[in-house]
Number of protein chains: 2
Amino acid sequence: METVVEFSLAGVIAVLTRTPPTLNALLSGLPSIWVGRNEGKDTWSAFDILGHLIFLERTQWMQRVRIVLETGEARPFDPVDRFAQLRENQAKSIEERLDDFARLRRDNLAALQALDLQPGDLARLGSHPALGVVTLSEVLATWAVHDLNHLHQISRVMAHQYRDSVGPWKAYMGVLHCAGHSAP
Amino acid sequence: METVVEFSLAGVIAVLTRTPPTLNALLSGLPSIWVGRNEGKDTWSAFDILGHLIFLERTQWMQRVRIVLETGEARPFDPVDRFAQLRENQAKSIEERLDDFARLRRDNLAALQALDLQPGDLARLGSHPALGVVTLSEVLATWAVHDLNHLHQISRVMAHQYRDSVGPWKAYMGVLHCAGHSAP
């Protein structure tokens, strides 16, 4: 069996559409003490991660799509502020953040579909400030994988809270041995 | 901020209750070609992982709880068959497996709550065939972390399918650098 799915716009949209209800099912109604815990100093809680997803939904993904289509490589993308979620409204509940994320994602998917991208558009080029030349299909694939990256992180941050509670089973639970693999 | 949540039966139930709707939101309706792909030889697809969750829901978790309560350390738990999902009905759709998992989990949570466990029960002892003496609270915490372990795995297996499609962003996506951390 092959292990790689070919990129398709429909495949990206299938993942992007599912992330808000997935996070809602996972996190809505969980005690705030649970979703507010992180993995230690300078790490993110589920609440922080949602703030990061909201910030990028508001400021990055569709903007990058539009930059590729409107100006191509001539104008590099804005760098991502990875600390912006610390300036998001900290008083909101996890449910309010889930609602904000779902609404922003819905609007962005509507805008994406309104572009009626054709196969030729997916090969158009943009410029990332650190990574260099990228294609529109790479922007879109990364949008979906970025969702999965943070679902992977949220499941790890939640599991971390019970790392002592599982006793000797810690040895068997791979999620408790995942270091996050952050890029330097 | 402390980074560990104290074990509680309510906390375990909060996670166990959320896993079926989370997996449903993530996987239901995804093309079978997507949920059927794995990470290469001898690895699991999302479809396989659901089969594993179903098998343990049917044969392990509540059985272990009952062994602790009924016979304690005298009777070791049965070892887990990690290949049982390969004998589960392969012709089912992902949606049928999601439904099976949701039903089994609902029944098990009803059975767990019917036990009306008291704080003293959580310290009762059982015997794991490889790990030795464990407490009932460790069995229950592991049940929840095992869910999160496989959510972590599913997000990684899905992201893997686009590892080439993201182009140079591969460097930034920790999920694409996660080796699974399986116990030997």
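Start by selecting Asp147(B) and showing its neighbours: leaving out residues up to four places away in sequence, Asp147(B) touches Val15(B), Leu16(B), Thr19(B), Leu53(B) and Arg105(B). Keep in mind as you look around that this is a predicted model. Asp147(B) is found in helix H6 of chain B, and it counts as buried because its relative accessibility is 3%, under the 20% cut-off.

Hop over to chain A and select Arg105(A) and Asp147(A). These two form a salt bridge as well, with the closest N and O atoms 2.7 Å apart. Arg105(A) sits in helix H5 and Asp147(A) in helix H6 of chain A, and both residues are buried.

Is each partner buried or exposed, or something in between? Asp121(B) is buried, at 18% relative accessible area, while Arg124(B), at 34%, counts as partly exposed. Over all chains, the structure holds 16 salt bridges.

Next, colour by chain and look at where the two meet. Here 69 residues of chain B are in contact with 70 residues of chain A. The chains bury about 6,000 Å² between them, 69% of it on carbon and sulfur atoms. How many salt bridges are there between chain B and chain A? The count is zero, but there are 13 residue pairs in polar contact (both at pLDDT 80 or more). On chain B's side, the elements giving two or more residues are helices H1 (9-27), H2 (32-35) and H6 (136-160), plus strand S2 (132-135). H6(B) gives the most, with 16 residues. That side of chain B divides into 37 nonpolar, 24 polar and eight charged residues.

Last stop: the cysteines. A search of the whole structure finds zero disulfides. Select Cys178(A), and you'll find the nearest cysteine sulfur, that of Cys178(B), 4.2 Å away. Cys178(A) is buried, at 9% relative accessibility, and Cys178(B) is buried with a relative accessible area of 9%.

Notes: Residues numbered from 1 in each chain as written. Chains lettered and ligands numbered in written order. Predicted model: local features only at pLDDT ≥ 70, side-chain atom pairs only at ≥ 80, totals over all residues. Heavy atoms only, no water. Contact = heavy atoms within 4.5 Å. Buried area = accessible area lost by both parts, 1.4 Å probe. Salt bridge = Lys/Arg side-chain N within 4 Å of Asp/Glu carboxyl O. Polar contact = N/O pair within 3.5 Å; in protein donor to acceptor, adjacent residues only side chain to side chain. Helix = DSSP H or I, 4+ residues; strand = E, 2+ residues; numbered from the N terminus. Nonpolar A, V, L, I, M, F, W, Y, C, P; charged D, E, K, R; others polar. Disulfide = S-S within 2.5 Å. Buried < 20%, exposed > 50% of the residue type's maximum accessible area, 1.4 Å probe, protein only.
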